Amino acid sequence: MLEVLFGDSACGSMKIAQNYGRGPYIGGCSSIIFLGEKKPDEADYKEMLDNMEREERKRWKETSPMGGKPEDIFCFPLYLGTGDISEDDFWKKRGECIKKLFDCYNTFEWSDDKFCDVHRKNLKTLLNKAMQGEDIRVWYSCNPDELCGLYWFADKIYSSDGLTGKVYIVKLPDKLPDGRKIRSNFGWSEAEPWEFCKYSKHGICLTEENIKGFAMMWREIREENAPVRAVINGRLVGVREDFYDEFIEREIDDETGEFREAVVIGRVLGKYGLGISDGFTAMRINEMIDKGKLEIIKEADNGVPLYHRILCKNK
């Protein structure tokens, strides 16, 4: 089975999922993030970690490995929910768009040519394997990047001759039970390895008509080529570049005096579940700075993302 995903984190989790639950429990790293000024005492902190460890051991024991080989996982982190998606110079334009999204990481090294070469070759390898009869499984969600990814990949399949394998899709549920809570999901990049094992059994086999339908949807949004694509009531639509600004401005309005940009970005991502990245949110805040709505009080230190700045609102 050839696996197709649209985010680096999702691909990393899937590689773990291929052997998750096989043999004795091997352990891993756990972390707890505390919001607010009050921190739990050492005993409470230890109890939380012990509970996490106990739950992870239980999942390991109850989960069957997904199986497969790492070389059969194909990742296309194209961030198709943002920027120019027109057919001419598609890969070059994708590279330029992603570079802008990653500009907030000031230590990030980027090469448009390398990006284009790697993913073009990966797509060619994937389609060649599919022509030899191997099945494909595409993992997607209502995250704009992943839903765009599904439509884009369907267009590649539809445009290819000689594919003899079957194509399956696996959609991430919008909400999942998590102990006594219900957890919202914003994309496969947030899924844990055991969830890939669980949902690998829930794939839907696409018909030729299904593939053609998804391909036509991609061609429609490609022709529109809006600056940003959003998922509204389950439908992928083109929107203005400032479509998400209202949510960012809500969180900025709650601030008084000087504030940390990273905290605002974190609240936007965690509170609203918009399916946008920290890089995109930082890019929109940069636009507000350029327009004079916000002022930089202190730049970020070296070695951390540029959005670790201190800002304030201009009156």
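**Salt bridges up close**

Counting side-chain nitrogens of Lys or Arg within 4 Å of a carboxyl oxygen of Asp or Glu, we get 24 salt bridges in this predicted model. Here are a few of them.

**View 1. Arginine 137 and glutamate 3 pair up across two strands.** The side chains of arginine 137 and glutamate 3 form a salt bridge, with N to O at 2.4 Å. Arginine 137 belongs to strand β3 (residues 136-140) and glutamate 3 to strand β1 (residues 2-5), so this pair ties together parts that sit 134 residues apart in sequence. Buried or exposed, arginine 137 and glutamate 3? Both are buried.

**View 2. Glutamate 53 and arginine 57 share helix α2.** In this salt bridge, the closest N and O atoms are 3.3 Å apart.

**View 3. Aspartate 301 meets lysine 298 in a salt bridge.** Here the N to O distance between the side chains is 3.2 Å. How exposed are these two? Aspartate 301 has a relative accessible area of 49%, which counts as partly exposed. Lysine 298 comes in at 45% and is also partly exposed.

**View 4. Four charged side chains join in a network.** Glu87, Asp155, Arg219 and Arg222 are the members, and salt bridges link them.

Conventions: Residues are numbered from 1 along each chain as its sequence is written. This is a predicted model: local features need pLDDT of at least 70, side-chain atom pairs count only at pLDDT 80 or more; totals for chains, interfaces and linings use all residues. Side-chain values use heavy atoms; hydrogens and water are left out. Helices (H or I, at least four residues) and strands (E, at least two) are DSSP runs, numbered from the N terminus. Buried means under 20% relative accessible area, exposed over 50%, partly exposed in between (1.4 Å probe, protein chains only).
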